[in-house]
Structure formats: C-alpha cells, structure tokens
Amino acid sequence: INESWQSLLDQVLAQEPEKTVPGTGTAVTNPGTTGGNKGPTATMSEEQAKAELKKYSQKYIIGIIKIPAIRLELGILKGVLNRNLYMGAGTMRSDQVMGERNYPLAAHHPQSYGVLFNRVPELKAGQMLYITDKETIYTYRVYTRKKVHETEIEVIYDSVAKDRGKPVLTLSTCFNLKEPESRIIVQGELV
C-alpha cells in the first residue's frame, strides 16, 4: 500500500481508538498487541489494508466522485468529520440529495500531489465532474472556480442552484497553508 494512504488510514483509525479494526496496528484489539498498548505496533500488509478499506467503504461510503481531468476518484461520505475528510469527500449539509439543488462536498487539500482535493484548484470551466450514489451517475460541467473566505458559507446553500437555474455540485477545499482562512470553491452545473 502507498505509504501516504497507510498514514491517512492510521490517522483516521487513531481518532476513534475504541472502534478501530483488528490488524491495523493502532488499536487495543490488534492481535499483535498485548495488554493496554494503544500505540502503533506494526504496518499492515497490502492485503490487510485493502480488506480494511473495503469494510470501511461498504459501511460509510454513500457514493463516489470522479474527475477525469485531475485523475481523481474518491468516496463520498456523510458529513465532514475529520475521519471522513481523511478518506474522501464529505457532504456539507444533512439535507442534500445528489442531482438536486446544491450538492456541496468538502475534502482536505494535503500537500501531497494528487491526494484528496489537492488538485481541485486546477479545475477550469468546461471540465466534467461525475458523482454517483452507486445507482445513478450525475454529470456536471464546471462553470466557476473562485477563492472565498471561510465565513462565506452561502456557497453551500441551495440558493446557488436556484440562481443558476439548475442543480449544482459545489466542491470546497482549503486554499493553502499560508491562507488557512481561504477556501477554493469549484462549482459545476448538472448537464
């Protein structure tokens, strides 16, 4: 398994030690630990990592986002808990529905190239975005990319879609470490 994904999985599992999965090297329930040892004890094999990610995805992933222009394919998870943002894109509102109104998603913007929403700021008008709830595929075309302050939360409201006259997909990620209060917003309209 790629070392950065191993690190991300370790971070996610470390946030919920009482719920970690055997064999990950981070939990009391790990067969490789004794007593109350809660620290990492071993690196999981590629097969173990794939099995754990498959279990996680079956339980938590509600859909998938794919953006061919930046070679991105991520799971969509319910909510913006840190564990979700380390594993994929999180929904930003509890009432959002794919293919309807405004469907806002957020993910981390790590410094590692190509990981999570790291390349979302590269998107340009006209490029295609795809999301699926595992049954229906929704296709969007990017129409804007902008930098906003973190307090400009109206970009996730349904009024965005109402003003556009079409359902909208909104992607949000941090801009960079030098401007932690800034966000990059990419929006696409349903085609």
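**The barrel and its surroundings**

Eight strands close into a barrel with mixed pairing, in the order S1-S2-S3-S4-S7-S8-S6-S5. Neighbouring strands of this sheet are turned against each other by 35° on average, with direction ignored. Helix H2, residues 46-60, packs on the sheet and touches S1 and S2, and its direction makes about 105° with that of S1.

Before I go further, a word on conventions. This is a predicted model, in which local features need pLDDT of at least 70 and side-chain atom pairs count only at pLDDT 80 or more, while totals for chains, interfaces and linings use all residues. Residues are numbered from 1 along each chain as its sequence is written, and side-chain values use heavy atoms, with hydrogens and water left out.

Helices (H or I, at least four residues) and strands (E, at least two) are DSSP runs numbered from the N terminus. Two strands pair if DSSP finds at least two bridges between them. Axes are lines fitted to C-alpha atoms, for helices over the stretch in contact, and angles run from 0 to 180 degrees between N-to-C directions. Contact means heavy atoms within 4.5 Å.

The chain has four helices and eight strands, and from the N terminus on its elements run α-α-β-β-α-β-β-β-β-α-β-β. Among contacts between residues at least 6 apart in sequence, 51% join residues at least 24 apart.

**Pairing around S7**

How do S4 and S7 run, and how many bridges join them? They run parallel, joined by five bridges, and Leu105 stands opposite Leu171 in S7. S7 and S8, by contrast, pair in the antiparallel sense over eight bridges. Along S8, Ile185 stands opposite Ser172 and Gln187 stands opposite Thr170.

Buried residues (under 20% relative accessible area; exposed is over 50%, partly exposed in between; 1.4 Å probe, protein chains only) make up 40% of the 191 residues in the chain. A nonpolar core is a set of buried Ala, Val, Leu, Ile, Met, Phe, Trp, Tyr and Cys residues joined through side-chain atoms within 4.5 Å. The largest such core has 25 residues, and those with the most contacts inside it are Ile65, Leu105, Ile131, Leu169 and Leu171. Strands that each supply at least two residues of this core include S1 (61-67), S4 (102-106), S5 (128-132) and S7 (168-176).

A charge sits over a ring if NZ of Lys or CZ of Arg is within 6 Å of the ring centre and within 35 degrees of the ring normal. The charged end of Arg83 sits over the ring of Tyr60, 5.0 Å from its centre. Arg164 lies over the face of Tyr143, at 3.7 Å from the ring centre.

Leu116 is placed in the loop between S4 and S5 and counts as buried, at 4% relative accessibility. Lys134, also not a glycine, has a positive phi of about 80°. Lys134 lies in the loop between S5 and S6 and is partly exposed, with a relative accessible area of 49%.
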